[in-house]
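Visitor: Hi! Could you walk me through this model?
Guide: Happy to, here it is.

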Amino acid sequence: MSAEARAYLSTALDLMEKRSLMRAEVDWRQVRGEVFSHADGARKPADTYGALRSAVSALHDGHSGFFEPEQVAELKAPVKTFDGLRGRSLEGRFGYVSLPRAQASEQSYDRYVQRGRKAVAEADRSRACGWVVDLRRNSGGNMWPMLAVVARILGDGKVGGFVDAEGRTSVWTIEDGSPHIDGGPAGWRGGEPVSNGDAPVAVLTDRSTASSGEAVAVAFRGRPHTRSFGESTYGVPTSNTSHRLSDGAMLLLTEARFVDRTGRAYDAPIPPDVDVFTELRTVGTSRDRVLEAAKEWLAEQPGCE
């Protein structure tokens, strides 16, 4: 193995051993031996990619990843439209907003927030007495644009946080309709307030709600007058941090778990309060059983009877 390839591999392994959420459960001496054996004869960083992927698999967190430079460029490509980001009024009294995955360039996140807040305003035209926040099919990406869209529905105050392997926490808050982390702004000043910031909220999830989609679900956990419907989430309620390597490749490491506003940490699929099987072909139609169950519950809440 060349000195360049060895240094590249060592840097990546050092990051994993220092930052990974599951690092205490890994036999690093064994992993390093296997990884360097896998990369035997490597001359340049690209020759170690297969070995790095095996190292990521050894973390057993189900969420970390390794991306080659070309894949990183695709992840950061601008997105002009976000299919599924929409809002509407239901029956002239409930507000409905659906949040799709948010994975794109920073400029695209600005469009996501702008379009999402417009969707919330559209859904609130009839002065919604209650809300449906649909996270089905939301496989993740960047949680902060999503929280910026639903911030006014969440309401100001603590909504969740991260906890790392040492038990250190970082707190998510909403301040004047804008998401913050440990008191500092995460971007996007507050949008227009909704008609009733204390309205009941029904959160919809399914088995494809993952990662940052699960972060939004966690942010609603413990909120007063809030109930979740559908199916358990995918099961990676954890935070990833990206680490760019010398050749432009990216190591995405799971470094913390999500915690809700009550302090409960999550590390597995998050079950809904009301279990309703999701038939994908009926989502958004008159036969959407999950949405119907949510509307029935909202109709029973104060202000919506």
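Guide: Below we go over the fold, then the surface and charges. One thing to keep in mind is that this is a predicted model.

Visitor: Good to know. How many helices and strands does the chain have?
Guide: There are 8 helices and 14 strands in the chain.

Visitor: What strand order does the open sheet of 6 strands have?
Guide: The order runs β2-β3-β4-β9-β10-β14, and the pairing is mixed.

Visitor: And which are the edge strands?
Guide: Those are β2 (86-90) and β14 (274-275), each of which pairs on one side only.

Visitor: In which sense do β9 and β10 pair, parallel or antiparallel?
Guide: Parallel: β9 (residues 201-205) and β10 (residues 226-230) are joined over 5 bridges. Within that pair, L204 stands opposite F229 in β10.

Visitor: Switching to overall shape, what radius of gyration does the chain have?
Guide: The chain has 21 Å. A compact globule of 305 residues would have a value near 19 Å, so the two agree. Along the principal axes, the C-alpha atoms fill a box of roughly 70 × 40 × 35 Å.

Visitor: How much of the chain is buried?
Guide: Of its 305 residues, 53% count as buried. As for contacts with a separation of 6 or more, 72% are between residues 24 or more positions apart.

Visitor: Last one: how many charged side chains are positive and how many negative?
Guide: The chain has 39 positive and 42 negative ones, and the centres of the two sets lie 3 Å apart.

Methods: Residues are numbered from 1 along each chain as its sequence is written. This is a predicted model: local features need pLDDT of at least 70, side-chain atom pairs count only at pLDDT 80 or more; totals for chains, interfaces and linings use all residues. Side-chain values use heavy atoms; hydrogens and water are left out. Helices (H or I, at least four residues) and strands (E, at least two) are DSSP runs, numbered from the N terminus. The radius of gyration is taken over C-alpha atoms; the globule rule is 2.2 Å times the number of residues to the power 0.38. Buried means under 20% relative accessible area, exposed over 50%, partly exposed in between (1.4 Å probe, protein chains only). Contact means heavy atoms within 4.5 Å. Lys and Arg count as positive and Asp and Glu as negative; His and the chain ends are not counted. The place of a charge is taken as NZ of Lys, CZ of Arg, CG of Asp or CD of Glu. Two strands pair if DSSP finds at least two bridges between them.
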